[in-house]
Amino acid sequence: MQQYFVNSGAENPVTITDKDTIKHMFNVMRLTEGDEVVLVFNDHIKRLAKVLDSAAHSFEIVEELSDNVELPVEVTIASGFPKGDKLEFVAQKVTELGAVALWAFPADWSVVKWDGKKLVKRKDKLDKIVLGAAEQSKRNVVPSVTLFEKKADFLKVLADFDKIFIAYEESAKVGEQAVLARELAQVQAGQKILFIFGPEGGISPAEIEAFEAAGALKVGLGPRIMRAETAPFYALSAVSYALELAK
């Protein structure tokens with residue numbers, strides 16, 4: 001069944017006002033009176049709704065649904081600015097895998113340089129990508145997207161997390177395989193976790209020092225060296241296995 005996010009409270013009747021959502025519902029999917037969809041409101045609860053008036057874009061809420069597919073912890077993925085459209089690919093996939101937020105920052109070894117105007121355009125595009133991916137994967141939450149123009153601003157918010165992991169290829173090269181598994185075994189439901197990934201060039205020694213000063217732990221993600229756009233998927237899969245499948 002189709003699912004859509006509605007930026008409002010759950011009150012009958014529901015009138016859809018977002019132009020892109022209206023276009024998809026009534027022009028692409030051709031919803032008509034009596035058709036049912038799942039709507040997710042600002043309280044992150046899914047509700048079954050049926051079309052009251054396709055011309056007025058209105059729905060009636062039928063019932064509240066208990067379905068909740070969110071991870072038991074809040075995982076934020078932070079990446080140094082990567083080249084090309086890699087961040088768009090990452091945005092789609094980390095949404096499908098359960099991240100609550102995607103962050104990107106100008107790493108020391110980032111090749112690309114994005115100024116304020118480019119960041120605004122990038123964010124607009126990424127917001128649309130995560131919305132579509134959240135609807136497709138039947139999420140209860142649409143991940144937020146934050147693109148930091150200055151790394152100093154990124155460093156300031158590290159204190160907001162319960163655990164911070166640095167995906168560090170040098171740790172993988174020397175065979176470190178225990179830290180992530182050990183720490184995930186101690187995670188409590190509701191905690192906030194941050195994974196930091198470098199761009200194609202990796203994370204600089206100065207950045208490692210700054211992240212560790214904020215309490216971050218270096219972790220190896222298995223014995224193989226992954227691309228910048230692949231490592232976040234491994235990390236989220238590991239979280240899902242440890243906290244959802246292995247219980």
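A pocket, in the sense used on this tour, is an open set of grid points with protein on both sides within 12 Å along at least five of seven lines, and its lining residues are those that have an atom within 4 Å of a point. Please keep in mind throughout that the model in your viewer is predicted.

**First stop: the second largest pocket**

Begin by selecting Ala-167, Glu-169, Gly-202, Ile-225 and Met-226, which, among the 26 residues that line the second largest pocket, lie nearest its centre. The volume of this pocket is about 420 Å³. If you then colour helix 5, residues 169–173, you will have marked the element that gives the largest share of the lining, namely three residues. Sorted by class, the lining of the second largest pocket holds 14 nonpolar, five polar and seven charged residues.

**Second stop: the largest pocket**

Move on to the largest pocket, whose volume is about 730 Å³. To find its centre, select Phe-5, Val-6, Asn-7, Thr-21 and Leu-131, which are the closest to that point out of the 28 residues in the lining. Helix 3 supplies the largest share, with five residues. The lining of the largest pocket divides by class into 11 nonpolar, 11 polar and six charged residues.

**Third stop: two packed helices**

Two packed helices are described by the angle between their axes and the distance between the axes. Which residues in helix 2 meet helix 8? Show the side chains of Phe-89, Val-90, Lys-93 and Val-94 in helix 2, and you will see that they meet Pro-232, Phe-233 and Leu-236 in helix 8. By class, this contact of helix 2 with helix 8 has six nonpolar residues, no polar residues and one charged residue.

Side chains of opposite charge can pair when their charged atoms come close. Select Lys-50 and Glu-60, whose side chains form a salt bridge with an N to O distance of 4.0 Å. Lys-50 belongs to strand 4 (residues 46–53) and Glu-60 to strand 5 (residues 58–64), and the two partners are 10 residues apart. The count for the model comes to 16 salt bridges.

Key: Residues are numbered from 1 along each chain as its sequence is written. This is a predicted model: local features need pLDDT of at least 70, side-chain atom pairs count only at pLDDT 80 or more; totals for chains, interfaces and linings use all residues. Side-chain values use heavy atoms; hydrogens and water are left out. Contact means heavy atoms within 4.5 Å. Helices (H or I, at least four residues) and strands (E, at least two) are DSSP runs, numbered from the N terminus. Ala, Val, Leu, Ile, Met, Phe, Trp, Tyr, Cys and Pro count as nonpolar, Asp, Glu, Lys and Arg as charged, and the others, Gly among them, as polar. On a 1 Å grid over the protein atoms alone, a cavity is a set of points where a 1.4 Å probe fits but cannot get out, and a pocket is an open set with protein on both sides within 12 Å along at least five of seven lines; lining residues have an atom within 4 Å of a point. Grid points are joined across faces, edges and corners, and a volume is the space filled by probe spheres set on the points.
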